[in-house]
Amino acid sequence: MIRLRRILRMSRHDAGVALPLAIGIGTVLLIMVAGAMTFALSGLRKSAGDANWNAASAAAFAGVDEYRSRLAADSSYYRYGNPAAAFSSRTGSLVDLPSGTAENFAFGVGAAGTWAQVPGSTVAQYRYEVDNSEFATSGILRIRSTGRVGDSVRSVVANLKAKGFIDFLYFTDYEVQDPGLSLDSSGNPNCKNLKYAWVPDSAAAPKRVGCTEITFSNNDKIAGPAHSNDTMHICKAQFTMKVTSSNPNAPHYSPTNGVYPDLKSDGTPNKNPDGSIKMTGGGNCSDQTFNPAYPPSFDDTVLMPAKNTEMQLQTRVDMPVEVPRPGCQYTGPTSITLNADGTITVRSPWTKFAHAGTETVAAGVIVPNCGTPGTAAGRLGSATGQTIPVPENNLIFVQGVPAGAVGSDPNAWGTTKPTGGGYSCTRSDGAGADNGNGIGYPLVTGTGSNTRVETTMYGCKDGDVFLQGTLKGRLTVAAANAVYIVADIKYAGGVTTNTDMLGIVGGKPVWVWNPAYNDGSNLKLMKSGSDRTIHAAILSVENTFQVQNYNVGSSLGNLIVYGAIAQKFRGIVSQGGGYVKKYTYDERFKTTAPPKFLAPVATTYGVTTTADVAPAFRTDGTVIPLP
């Protein structure tokens, strides 16, 4: 009993322990549950925040795509935007806010401004701002698009560039010789029923006949993307990048001897171990090669404009809204020498007024130094021409002498001609009145019995430009008629420069000058093995890029083009005489273009670069000031 009482007495010391222990354990469990619930709820909030964050980014990109669709439907839509938008006003962009039925909710600004709704969503919205300040010079549009979902706002900046001729190192509308350069005895084109070779023959589109089809052949190397709206003819040529045609039928090109690639079941060519295309048989055209990653394929037709006179508008000084930075316009045969110090030397005797439009420059228009008209010493029409700075990021357009009486156009001459400066419409030796253009062409060499006269005639009033030299700057040179590349054209900083860029646009042919003489020889100061180098984007709108007198005299060296070539018809560069093609693409043309370069009739816009940037607006729509 005593032992039992001791045991009971000891047990009283633990009385009340169970309850606090139970309460403690419960508290711990409650804390754990509460923590778990808090974590779960915060996770839900984070998940919702992440979803809104990502959705806002998607909404911003939806705005970019929507703006691209508007550009595709209306190529002039670049002129629209909200002048009050910081991204537009700060960059000096000239934009107008569309109204009425053309209202665009995406141009809203500020808390009271509108937002556009992402199709298919009730919560995702976007608005965008346009920067078109560089569009006229480089062809680049910038857009800052902002997406809004819930409490998340995201902004992106995208650079947009129109699909154009210089997306390709080599572009051709028709794979035949220019019909205007192949005439019958009556002076009519031999080429009849002109159409693309892949278009089926029918009563409405009869088979084309008499057309000289030109082939990529021999040692031709095309180191850049190539496209033809027609069916290409390829024989023993090398293409290092993508080759496309508007011919919808595989293999999308035609070897001249009828030997076609060996195709797989999916229509793509089988390849040899070295990456070249396997052919169905032997023959002289069995060794053309393509980049294994880019077998010949289909792409849409790129439409050529009818003329390049649209470019002439960019030299008008009386249209301050449409043309705030006009370029230079010269009249009649004009020689331009590009100088490595950032200047050009221009000789243009027929020019009375070095711009288009009226002689009155509109207020606010920035006019470059285009030289002083007249034949007095040191002026544009003098024997040595005038040296002026390169019209940086701008255009030179050469027009023919306007018809009509004096006063009908600022540059009209009526029946008179320039006088002074030794000028007359003669050959380079001053002889042969009305048988030359007065600025050195046609060329005459030698004297006495050794006199040789260039057989090509040049119009005294034609809008021709004779171009050569080394360019320091960014410039486009265009002619209403022909462009003659009379010597090498290079960039002062070389082909690796990011500053020098040249565009050459001929309304008619762009000729690689290669004079033939009355004794059957060619000049090539210009001797056998001599190369011709051209750094430029080249476009012939109505005709062709071709070597002059390609079948006369000795075979020359390489025609080295670094840039891009586009033409309506294929030009011949070698046939006995002439050059071997060595063409390399200027990769910069993927994201920019020479100033005021001509674009296709219809085009789509691609995104060249994108970048996430700080939000332009808060969730309530108020503007976040730019830093």
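Figure 1. S1 and strand S2 (residues 125-131) pair in the antiparallel sense over 2 bridges, where strands (DSSP runs of E, at least two residues) and helices (DSSP runs of H or I, at least four residues) are numbered from the N terminus, and two strands pair if DSSP finds at least two bridges between them. Ala116 stands opposite Tyr126 in S2, and Gln117 stands opposite Gln125. This is a predicted model, in which local features need pLDDT of at least 70 and side-chain atom pairs count only at pLDDT 80 or more, whereas totals for chains, interfaces and linings use all residues. Residues are numbered from 1 along each chain as its sequence is written, and side-chain values use heavy atoms, with hydrogens and water left out. The open sheet is formed by 5 strands in the order S1-S2-S3-S4-S29, with antiparallel pairing; its edge strands, S1 (116-117) and S29 (605-613), each pair on one side only.

**Figure 2. Thr345 in strand S15.** Thr345 has its place in strand S15 (residues 343-347). Its side chain makes polar contacts with the side chain of Asn339 (3.1 Å) and with the side chain of Thr387 (2.8 Å); a polar contact is a pair of N or O atoms within 3.5 Å, of which, within protein, one must be able to donate a hydrogen and the other to accept it, and residues adjacent in sequence count only if both atoms are side-chain atoms. Thr345 and Thr387 are 42 residues apart in sequence, yet 4.1 Å apart in space, C-alpha to C-alpha. When residues up to four places away in sequence are not counted, Thr345 touches Ser335, Ile336, Thr337, Asn339, Thr384, Gln386 and Thr387, contact meaning heavy atoms within 4.5 Å.

Figure 3. Phe466 lies in strand S20 and, at 1% relative accessibility, counts as buried. Its contacts, leaving aside neighbours within four places in sequence, are Thr334, Ser335, Ile336, Asn437, Ile439, Tyr441, Tyr458, Tyr484 and Val486. S20 (residues 465-471) pairs with strand S22 (residues 483-491) in the parallel sense over 6 bridges, and Tyr491 in S22 is the bridge partner of Leu471. S22 is also joined by 3 bridges to strand S24 (residues 510-512), and these two run parallel, with Ile485 opposite Val512 in S24.

**Figure 4. Arg532, Phe545 and the largest nonpolar core.** The largest nonpolar core has 76 residues, and those with the most contacts inside it are Tyr330, Leu502, Phe545, Leu559 and Tyr583; such a core is a set of buried Ala, Val, Leu, Ile, Met, Phe, Trp, Tyr and Cys residues joined through side-chain atoms within 4.5 Å. Strand S25 (residues 532-547) gives the most to this core, with 8 residues. Among the residues that Phe545 touches are Ile485, Val510, Val512, Leu559 and Tyr583. Arg532 also lies in strand S25 and counts as buried at 2% relative accessibility, and its side chain reaches the backbone oxygen of Ile485 at 3.1 Å.

Figure 5. The largest pocket has a volume of about 1,400 Å³, the volume being the space filled by probe spheres set on grid points that are joined across faces, edges and corners. On a 1 Å grid over the protein atoms alone, a pocket is an open set of points where a 1.4 Å probe fits, with protein on both sides within 12 Å along at least five of seven lines, and lining residues have an atom within 4 Å of a point. The lining comprises 45 residues, of which Tyr78, Phe135, Ala136, Glu310 and Gln314 lie nearest the centre of the pocket. Helix H4 (135-138) and strand S4 (152-162) are the elements that give two or more residues to this lining, and H4 gives the most, with 4 residues.

Notes
Buried means under 20% relative accessible area, exposed over 50%, partly exposed in between (1.4 Å probe, protein chains only).
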